[in-house]
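Here is a short briefing on one protein chain. Keep the structure open as you read, and find each residue as it comes up.

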Amino acid sequence: MKRLLAWAWRQSFVRFALVGGAGYLVNAAALTVFTCTLYLDAAPALAGAIFVAMCFTWAGNRYLTFGARRAHDLRGMTEEWLRFVGANLLGAVVNYAVALSLLRYGPGWLHNLYVAQACGVLAGLVFNFTLSSLVVFRASRG
């Protein structure tokens, strides 16, 4: 079991998914704040929660997933963050579209904001990993 865990930790997709899992919790917490405290409707609340989670996952992926390839100076970090947001916009659009579609057109059991959100997060995961590994964290800079 110890070998399996060590092997899994060496896989960047596993680390990316773990950061994403933590990002999902941040996303759900932000969604709760936006809907229950600020009383936003589902569409703006989902968009805001996605952005908050995107910022959180950028930081997590900088250190846990792509630590050896992250930027080290302010300019490099700023460029990296902008690339991360740009690259993850496709995943965010997929996430947002899936969640809203399920809320509006899905079967009854998918009309729960958090179930729809989870489905959207999973749909965006593949896009985000691929673009993060190919575009954002390309090589060690600065």
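Glu79 and Arg75 sit four residues apart in helix H4, about one turn of the helix. They form a salt bridge, with the closest N and O atoms 2.9 Å apart. Bear in mind that this is a predicted model.

**Salt bridges**

- Side chains of opposite charge can pair when their charged atoms come close.
- The whole structure holds two salt bridges.
- Glu79 is partly exposed, at 32%.
- The other pair is Glu80 with Arg62, and the closest N and O atoms are 2.3 Å apart.
- Glu80 belongs to helix H4 and Arg62 to helix H3, so this bridge ties together parts that are 18 residues apart in sequence.
- Glu80 is buried, because its relative accessibility is 0%. Arg62 is buried too, at 3%.

- Phe51 is partly exposed, with 42% relative accessibility. Trp81 is also partly exposed, with 25%.

**A buried alanine**

- Ala116 lies in helix H5 (residues 113–136).
- Is Ala116 buried or exposed? Ala116 is buried, because its relative accessible area is 0%, and buried means under 20%.
- Leaving out residues up to four places away in sequence, Ala116 touches Ala99, Leu102, Leu103 and Leu110.
- Ala116 and Ala47 are 69 residues apart in sequence, and their C-alpha atoms are 13 Å apart in space.

- Most residues other than glycine have a negative phi.
- Tyr39 is not a glycine, yet its phi is positive, at about 60 degrees.
- Tyr39 is in the loop between helix H2 (12–37) and H3.
- Tyr39 is exposed, with a relative accessible area of 66%.

**A nonpolar surface patch**

- Which residues form a nonpolar patch on the surface? They are Met1, Leu4, Leu5 and Trp7.
- Together they have about 500 Å² of accessible area.
- One of them, Leu4, lies in helix H1 (residues 2–10).

Notes:
Residues are numbered from 1 along each chain as its sequence is written. This is a predicted model: local features need pLDDT of at least 70, side-chain atom pairs count only at pLDDT 80 or more; totals for chains, interfaces and linings use all residues. Side-chain values use heavy atoms; hydrogens and water are left out. Buried means under 20% relative accessible area, exposed over 50%, partly exposed in between (1.4 Å probe, protein chains only). Helices (H or I, at least four residues) and strands (E, at least two) are DSSP runs, numbered from the N terminus. Contact means heavy atoms within 4.5 Å. Patches are made of residues with over 30% relative accessible area and no salt bridge: like charges are joined within 9 Å, nonpolar side chains (Val, Leu, Ile, Met, Phe, Trp, Tyr) within 5 Å. Accessible areas come from the Shrake-Rupley method with a 1.4 Å probe; for residues, only the protein chains shown count as cover. A salt bridge is a side-chain nitrogen of Lys or Arg within 4 Å of a carboxyl oxygen of Asp or Glu.
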